[in-house]
Amino acid sequence: MPASNTPANGQPAGQGLPVSEEFLRLLVENTSDIITVVNDKGVLRFISPSATPILGYEPEEVLNRNIFDLIDPLDLPRTTAALGRMIADPTAPMTVEYRARHRDGSWRVLQSVARSVPGQAADGFVVVSSRDVTGDRKREEELRQAGKVEAISQLASGVAHDFNNILAAMMMQAELSAKAKNMPLEALDGFQKIRNAAQRGVYLTRELLLFSNKQAIQPRNLNLNEVITNIAKTARQVVGESIKLQLNLHSSALVTQADAGMLDQIVLNLAANARDAMPQGGKLAIATGEKEVQEPFTVLHQAVQPGEYVYFSVSDSGVGIPREALAKIFEPLFTTKEPGKGMGLGLATVMSIVKQHNGFVTVESELDRGTKFTIHLPTSQGDTESIVAAKPRQQTGTETILLVEDDTEMRALAQSALAQNGYKVLEAANGLEALKLWVRHQSSVALLLTDLAMPGGILGHELAMHLQQEYPELKVVFISGYSAEFAGGKSELRLGENFLQKPFSADQLMDIIRRSLDS
């Protein structure tokens, strides 16, 4: 007998399921998308129960409300225009993406497909199917940002490394020239201006390296109140006399493990932003405090873990940040400033530093009422280390130094500075030249001063290892445009002991040379 074409439910094969009101109700109630019916003005006539898990509203809460009341005002022109086009031409479906407000005040990104059905209602009958694509858009944005940041980071680190050589030469040349005998006061003033300009360049290159993560943190236990107090004087110079700077420090010590120089960079970046937001003057307040986070949450794409945090906030009374720009202000190269007044790296650098410290940032801003940035850092246990500048050492000497530097101008300036302080200098442009000098002068060389990255096939740390195998007592000082962690390779570099990061002054060079020789 031939096989039966009738399945167990008795419905003949090839026929569709029975269509009934109950069947359609089951479909609508069990779909994960939001199904709505609106009139030609956008008034909700029906909304499926799936709206509750997506937007937080029960259907009866939003029935007879205008759908546009729930849509981000920035998206209203696009969504209202799309509805108007569809009403005018019922044969054309509408597809539009927009942000809708959740019942808790947050935003969800919805992607809607709609079609007008003529003749079903006097005031219009538009069926809309809306899908929650918030997670998809967030992941796409994170991938886009990651790709952009990586590309810019590579460019920034390369530019900063090369620029550091130029700045180092400028600073040393100005410093050495100013020490010449019988120098006119006008010339001395000019050299000081050159050094000041070069120092501003140093902050810029440091910002580039921080942003590109080529400046690793050197954390130690710090009292946040002390950090803010120490940088306040420089911050006052940054904002100028027309802006009043006020400090509101917590009554007790706030201990966190952080890099003091990087925290200074955050404060100065935020102070510069505040200054630009108050061109006619105003008030800048820096406050410190502590906060407990009890539940994990996400802010500005940062995953925040529960725990104890200390914080400092930087608040201004300036023009504020437009709401549509708030989500983008930490993006590299994004700026709300006029052309020529900002590179768009300041806040990107702030975010990079905070993430390296396992902290998080919050922002509050209102147009014409100011902006408040709050930097949260994990609380640390233990005693704090005071931030005290090291006392200068004696800088002169008579020892022989083997100087290895491929940059001709930098090598000449370093040689001049060393010679002026009594040292005998053997110069080499690369590792191969240094080995030839070593063969002839090994017995007299007391210290190797070498750049880490050099052409010719022999890197600085490789040269040092080779020479110290023959003479273990040889002292070594490395120099590089990168920080110790990223420049060192297999070497153990200690800033201020056997490593000097470019750009540096002649005094800094003399100090580390003497420190190494005396150790």
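Residues are numbered from 1 along each chain as its sequence is written. Because the model is predicted, local features need pLDDT of at least 70 and side-chain atom pairs count only at pLDDT 80 or more, whereas totals for chains, interfaces and linings use all residues; side-chain values use heavy atoms, with hydrogens and water left out.

Five strands make up an open sheet with antiparallel pairing, in the order β2-β1-β5-β4-β3. Strands (E, at least two residues) and helices (H or I, at least four residues) are DSSP runs numbered from the N terminus, and two strands pair if DSSP finds at least two bridges between them. Axes are lines fitted to C-alpha atoms, for helices over the stretch in contact, and angles run from 0 to 180 degrees between N-to-C directions.

Within the sheet, β4 (residues 107–116) and β5 (residues 126–132) run antiparallel and are joined by seven bridges. S116 stands opposite V126 in β5. Helix α4 (residues 76–88) lies across β3, β4 and β5, and runs at about 145° to β3.

The loop between β4 and β5 contains G124. This glycine is buried (under 20% relative accessible area; exposed is over 50%, partly exposed in between; 1.4 Å probe, protein chains only), with a value of 17%. Not counting residues up to four places away in sequence, G124 touches V38, N39 and D40, contact being heavy atoms within 4.5 Å. The C-alpha atoms of G124 and D40 are separated by 4.9 Å, although the two residues are 84 residues apart along the chain.

Helix α8 (residues 260–277) has 18 residues and spans 26 Å from its first C-alpha to its last, close to the 26 Å expected at 1.5 Å a residue. The expected span is 1.5 Å times one less than the number of residues. Of the 18 residues of α8, 13 are buried, so the helix is largely enclosed by the rest of the structure. At its start, a side-chain oxygen of D259 comes to within 3.1 Å of the backbone nitrogen of M262.

R514 lies in helix α15 (residues 506–518) and is buried, with a relative accessible area of 7%. Its side chain makes a polar contact with the side chain of E399 (2.9 Å). A polar contact is a pair of N or O atoms within 3.5 Å; within protein, one must be able to donate a hydrogen and the other to accept it, and residues adjacent in sequence count only if both atoms are side-chain atoms.
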